[in-house]
Amino acid sequence: MMVHTMHRESPDKGLDSGKYVRYTPEQVEALERVYTECPKPSSLRRQQLIRECPILSNIEPKQIKVWFQNRRCREKQRKEASRLQTVNRKLNAMNKLLMEENDRLQKQVSHLVYENGHMKHQLHTASGTTTDNSCESVVVVSGQQHQQQNPNPPQHLQRDANNPAGLLSIAEEALAEFLSKATGTAVDWVQMIGMKPGPDSIGIVAISRNCSGIAARACGLVSLEPMKVAEILKDRPSWLRDCRSVETLSVIPAGNGGTIELIYTQMYAPTTLAAARDFWTLRYSTCLEDGSYVVCERSLTTATGGPTGPASSNFVRAEMRPSGFLIRPCDGGGSILHIVDHVDLDALSVPEVMRPLYESSKILAQKMTVAALRHVRQIAQETSGEVQYGGGRQPAVLRTFSQRLSRGFNDAVNGFVDDGWSPMGSDGAEDITVMINLSPGKFGGSQYSNSSFLPSFGSGVLCAKASMLLQNVPPAVLVRFLREHRSEWADYGVDAYAAASLRASPFAVPCARAGGFPSNQVILPLAQTVEHEEFLEVVRLEGHAYSPEDMGLARDMYLLQLCSGVDEDVVGGCAQLVFAPIDESFADDAPLLPSGFRVIPLEQKSTSSGASVNRTLDLASALEGSTRQAGEADPNGCNFRSVLTIAFQFTFDNHTRDSVASMARQYVRNIVGSIQRVALAIAPRPGSSISPISAPTSPEALTLVRWISRSYRVHTGADLFGTVSQTNGDALLHQLWSHTDAILCCSMKTNASPIFTFANQTGLDMLETTLVALQDITLDKTLDESGRKALCSEFPKIMQQGYAHLPAGVCASSMGRLVSYEQATVWKVLEDDESNHCLAFMFVNWSFI
């Protein structure tokens with residue numbers, strides 16, 4: 001019988017090491033029951049335990065306390081041992097993966113050395129036997145040289161679906177080629193920047209170099225069994241947001257125990273500027289001799305043979321080269337997962353300005369390969385209970401919300417005819433496309449088939465959409481700005497109209513009101529993925545009334561919002577902000593009508609000359625051939641572009657269709673204008689030759705500038721603009737607006753955190769904001785702790801003397817970026833009657849860290 005002992009404490013000598021308390025199994029069982037309920041009982045609870053359990057009457061309360069301490073210690077040691085075992089298994093698996101990767105790289109190096117020697121020999125031979133330029137046709141990469149030597153490679157005999165042996169031959173060829181890419185040297189892989197392998201990293205991610213089409217490869221560890229991983233990855237629409245549908249048209253058992261499937265896949269187009277893609281593929285699933293499970297897929301073309309797939313006029317047929325995933329069981333549980341995506345998206349069929357989107361292996365890696373690996377890791381952590389969500393929602397329900405938002409936005413951007421969409425006549429301008437859907441139950445996966453949807457807006461849904469080219473505007477920064485500063489671009493009246501469609505008896509809300517009230521927002525986190533690359537949240541918009549008569553109509557509104565791609569360090573990542581109005585109940589099957597923004601990087605290239613173009617361009621002009629501006633460079637030699645897609649959906653009734661269409665067009669045009677102003681504010685500006693933002697010209701601004709300049713001269717005895725200060729109001733405003741130092745004005749509130757009320761152009765650059773959004777920024781969030789302490793210590797001096805100098809320090813922009821400055825001067829701004837108006841700050845020689 002197990003003997004449980006414990007030191008007994010002597011009343012006069014403290015702890016007596018010669019005596020022990022022996023616990024019987026019954027006593028241990030009683031203590032364990034209490035431990036299960038309360039691992040750390042209080043002194044009163046321990047005394048109560050002794051009274052209620054006679055079998056513990058011979059144990060002193062202090063010994064009971066020691067027993068619980070030891071029990072907690074053993075539990076902590078057990079958990080730590082379990083954690084270390086898990087980490088050890090991950091490290092062993094990762095070590096195995098890295099050793100295999102090292103072997104593959106060594107083979108690749110040997111192959112490149114051989115090719116290099118062969119090409120040197122060809123160059124030497126060509127230069128020794130001829131003096132013309134014919135050698136140029138020999139100095140090519142090995143794949144192209146092989147193609148020249150075999151200009152007419154033999155084609156496979158035509159094989160149809162009625163011949164399983166022929167399909168199995170295609171499948172085996174695809175399997176061999178896929179394995180050579182996943183674990184061999186068939187493709188020259190280059191590791192993506194920022195993807196460092198480790199036990200807790202996403203894995204090893206690489207992209208192709210000098211191969212036909214675009215390709216990406218990833219391998220990593222997941223804590224799921226191989227068959228479960230295969231089941232998850234085969235359900236492509238659940239993890240690939242650009243996948244519209246996957247239809248299995250035929251399933252053929254293979255003689256070796258595998259399965260052959262003929263699959264037709266439709267993909268969404270990411271923008272409004274190019275047609276969507278589709279694939280006609282053969283998918284082969286089988287087990288290998290080493291116990292690994294493999295699923296490979298390739299397109300069926302006239303070159304490969306096989307049956308002809310379905311055709312659709314709305315899609316461009318793309319080609320999938322042998323791709324798939326290899327899943328190997330891992331010692332101690334889990335799997336090692338290899339994923340390869342290799343496609344040819346027919347980039348020549350899209351406008352030239354958009355081709356980088358279809359020719360980038362980095363974008364393919366982020367949208368498909370890494371997305372698949374992240375999804376499996378997310379499911380694994382949800383299964384193990386490592387992911388905690390609030391709001392009482394199950395992870396699967398929250399994941400479904402994210403999928404519905406993304407899918408609904410994609411439906412709006414693409415506007416497929418078979419979903420019921422049809423174009424609406426334009427108003428003479430071609431910048432905004434408006435489409436209507438009179439059968440809302442057909443699109444979005446029939447998510448609007450609920451009879452309670454569109455209670456009085458029974459006719460359908462209208463979508464206004466546009467695309468624009470952004471120059472030198474980081475997608476992550478733009479989307480983060482749109483999320484955090486909704487009042488900069490949104491209109492309260494339009495938000496209220498969109499929310500009205502969710503109510504049983506929606507009230508009459510004007511379609512749009514010029515200069516509507518800025519609506520304060522509160523963001524309530526709901527869920528986020530393990531890698532923090534995507535998060536779901538509820539946004540509460542505070543209600544306002546248009547007039548005293550509308551006070552009864554003022555009520556808060558709610559949005560379900562999906563934000564992704566806000567990490568600036570991700571290479572080739574797409575940034576997206578999608579939202580849909582919801583009611584207060586927020587049921588699991590709540591209807592969603594998504595709208596939002598998507599920003600996709602097109603390219604990043606180095607240029608040697610030209611002027612900076614930190615501005616937005618009209619994409620229509622770029623498509624018409626105006627490529628000079630799109631190709632201009634900035635002084636730093638960096639010129640990167642991205643395409644922004646905007647889509648907003650609204651419900652309408654028969655008698656409101658034209659007015660809603662007019663409102664939607666104007667609203668999207670206003671948003672485009674707002675984004676152009678925002679882009680000017682957040683684009684890299686130091687060293688730029690771009691013309692400055694226009695200064696405000698209101699009488700209030702002229703008066704404030706006069707007060708700022710006069711107060712600085714009165715308090716410090718010096719002129720703010722040097723010896724050439726102007727007295728004319730407009731000239732004075734121009735001097736302050738273009739001042740090289742950041743000048744900001746801050747309210748002097750005693751009962752609330754001071755907020756910024758005005759800034760010159762340099763100040764807006766430093767805070768990475770605009771004049772409208774400036775009023776959402778508080779002084780406390782801008783200054784760091786040392787800056788706030790310095791200001792507090794100098795505040796009495798400021799109030800008495802009128803000004804003070806703060807030492808060098810660090811502050812933060814509205815985007816969270818750190819800014820260093822050499823000195824800050826603070827002074828009181830006095831009105832004409834000498835009363836205090838605000839505080840002015842001047843940050844000298846600032847720069848982003």
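R78 is partly exposed at 49% relative accessibility, where partly exposed means between the two cut-offs: buried is under 20% relative accessible area and exposed is over 50%, with a 1.4 Å probe and protein chains only. I start there, with one arginine, and then go on to the rest of the chain. This is a predicted model, in which local features need pLDDT of at least 70 and side-chain atom pairs count only at pLDDT 80 or more, while totals for chains, interfaces and linings use all residues. Residues are numbered from 1 along each chain as its sequence is written, and side-chain values use heavy atoms, with hydrogens and water left out.

Back to R78. Its salt-bridge partner is E75, with the closest N and O atoms 2.7 Å apart. By salt bridge I mean a side-chain nitrogen of Lys or Arg within 4 Å of a carboxyl oxygen of Asp or Glu. E75 and R78 are 3 residues apart in helix α3, residues 61-129, which puts about one helical turn between them. E75, at 18% relative accessibility, counts as buried.

Now the whole chain. There are 849 residues, and 49% of them count as buried. The secondary structure comes to 21 helices and 31 strands; these are DSSP runs numbered from the N terminus, H or I of at least four residues for helices and E of at least two for strands. Among contacts with a separation of 6 or more, 64% involve residues 24 or more positions apart, a contact being heavy atoms within 4.5 Å.

The salt bridge count is 24. Two more of them deserve a look. D278 and R317 meet at 2.9 Å, N to O. D278 sits in strand β8, residues 276-287, and R317 in strand β10, residues 315-317, so this pair links distant parts of the chain, 39 residues apart. D278 is buried at 1% relative accessible area, whereas R317 is partly exposed at 36%.

The other is D431 with R669, at 3.0 Å, N to O. D431 is in the loop between β14 (421-423) and β15 (433-437), R669 is in helix α15 (residues 657-682), and the pair therefore ties together parts 238 residues apart in sequence. Both are partly exposed, D431 at 39% and R669 at 22%. Shared partners also join salt bridges into a network of E32, R71, E75 and R78.

Next, aromatics. The model has 19 aromatic pairs. Rings of Phe, Tyr and Trp (its six-membered ring) pair if their centres lie within 6.5 Å; planes under 30 degrees apart are stacked, over 60 edge-to-face, and the rest tilted. W67 and F68 have ring centres 5.1 Å apart and planes at 85°, so they are edge-to-face. W67 is buried at 4%, and F68 is buried at 2%.

W489 and F597 are also edge-to-face, at 5.0 Å centre to centre and 85° between the planes. W489 is buried at 5% and F597 at 0%. Both belong to a cluster linked by ring pairs, together with Y497, F579, F648, F650 and Y667.

Last, charges over rings, meaning NZ of Lys or CZ of Arg within 6 Å of the ring centre and within 35 degrees of the ring normal. R244 lies over the face of F416, at 4.1 Å from the ring centre.
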